Amino acid sequence: MTDCLFCKIIAGDIPSDKVYEDDLLYAFKDISPKASVHLLVIPKVHIESLDSLNAEHQQLIGYMMLKLPELAKSQGLDDGFRTIINTGPGGGQEVGHLHSHILGGKNMPGFN
Ligand code: 5GP
Ligand code: ZN
């Protein structure tokens, strides 16, 4: 039994507003959106952060990067979007399961 919030979301134990799922990735709307589009994209396997990656994750992370623009466009972000990956307490990471934010549309936050 995992204590990880995002693993519980993937398992369906905690509800989420899912926008995409495949064998490797899960994407859902942030519960506290900072822009009119605010998604979180996560690997299904539990990886704590970018700091926990090793060479075995290379293909998965490449796949995740390729999926980001596709997901952004699926939300109508045709002229661009912002991605953020916070890492560790010094990077402001609050949930310890690797995730990329996708932000765009109206009310885009500043970069600070
Ligand atoms: P971090 O600060 O770790 O990069 O981002 C964590 C994000 O997860 C925050 O933007 C926060 O709003 C979002 N979040 C936290 N708990 C939940 C939840 O239960 N459901 C959803 N959909 N998002 C959450
Ligand atoms: Zn997890």
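View 1. Proline 69 is partly exposed, with a relative accessibility of 30%; buried means under 20% relative accessible area, exposed over 50%, and partly exposed in between (1.4 Å probe, protein chains only). The model is predicted: local features need pLDDT of at least 70 and side-chain atom pairs count only at pLDDT 80 or more, while totals for chains, interfaces and linings use all residues. Residues are numbered from 1 along each chain as its sequence is written, chains are lettered from A and ligands numbered from 1 in the order in which they are written, and side-chain values use heavy atoms, with hydrogens and water left out. Proline 69 sits in helix H2; helices (H or I, at least four residues) and strands (E, at least two) are DSSP runs, numbered from the N terminus. From proline 69 to serine 36 the C-alpha distance is 17 Å, across 33 residues of sequence. Glycine 62 is also found in helix H2 and is partly exposed at 31% relative accessibility. Its C-alpha is 16 Å from that of isoleucine 102, which is 40 residues apart from glycine 62 in sequence.

**View 2. The site of the zinc ion (ligand 2).** Cys4 (SG), Cys7 (SG), His46 (ND1) and His97 (ND1) are the protein donors, at 2.0 to 2.3 Å from the zinc ion. Donors are N, O and S atoms within 2.8 Å of the metal (3.2 Å for Na, K and Ca); water is not among the atoms, so sites may look incomplete. The angles among the four donor atoms are 106 to 118°, and the site is tetrahedral, a term used for four donors if all angles lie between 85 and 135 degrees. Along the chain the donors have the spacing C-x2-C-x38-H-x50-H. Cysteine 7 belongs to helix H1 (residues 5–11) and histidine 46 to the loop between strand S3 (37–43) and helix H2 (58–74), so this pair ties together parts 39 residues apart in sequence. Cysteine 7 is buried at 13% relative accessibility, whereas histidine 46 is partly exposed at 39%.

**View 3. The largest pocket.** The volume of this pocket is about 660 Å³. Among its 29 lining residues, Asp30, Lys34, His38, Leu40 and His101 are the closest to the centre. A pocket is an open set of points on a 1 Å grid over the protein atoms alone where a 1.4 Å probe fits, with protein on both sides within 12 Å along at least five of seven lines; lining residues have an atom within 4 Å of a point. Grid points are joined across faces, edges and corners, and the volume is the space filled by probe spheres set on the points. H1, strand S2 (25–29), S3, strand S4 (82–84) and strand S5 (100–104) each supply at least two lining residues. H1 has the largest share, three residues.

**View 4. The largest nonpolar core.** This core has 15 residues, and Leu39, Val41, Met64, Leu71, Leu77 and Ile102 have the most contacts inside it. At least two core residues come from each of S2, S3 and H2, and H2 gives the most, six. A nonpolar core is a set of buried Ala, Val, Leu, Ile, Met, Phe, Trp, Tyr and Cys residues joined through side-chain atoms within 4.5 Å.

**View 5. Glutamate 56 and asparagine 107.** Glutamate 56, in the loop between S3 and H2, is exposed at 75% relative accessibility. Asparagine 107 lies in the segment after S5 and is exposed, with a relative accessible area of 65%. Although not a glycine, asparagine 107 has a positive phi of about 60°.

Terms used: Tetrahedral: all angles 85-135°; square planar, octahedral: opposite > 155°, others 65-115°.
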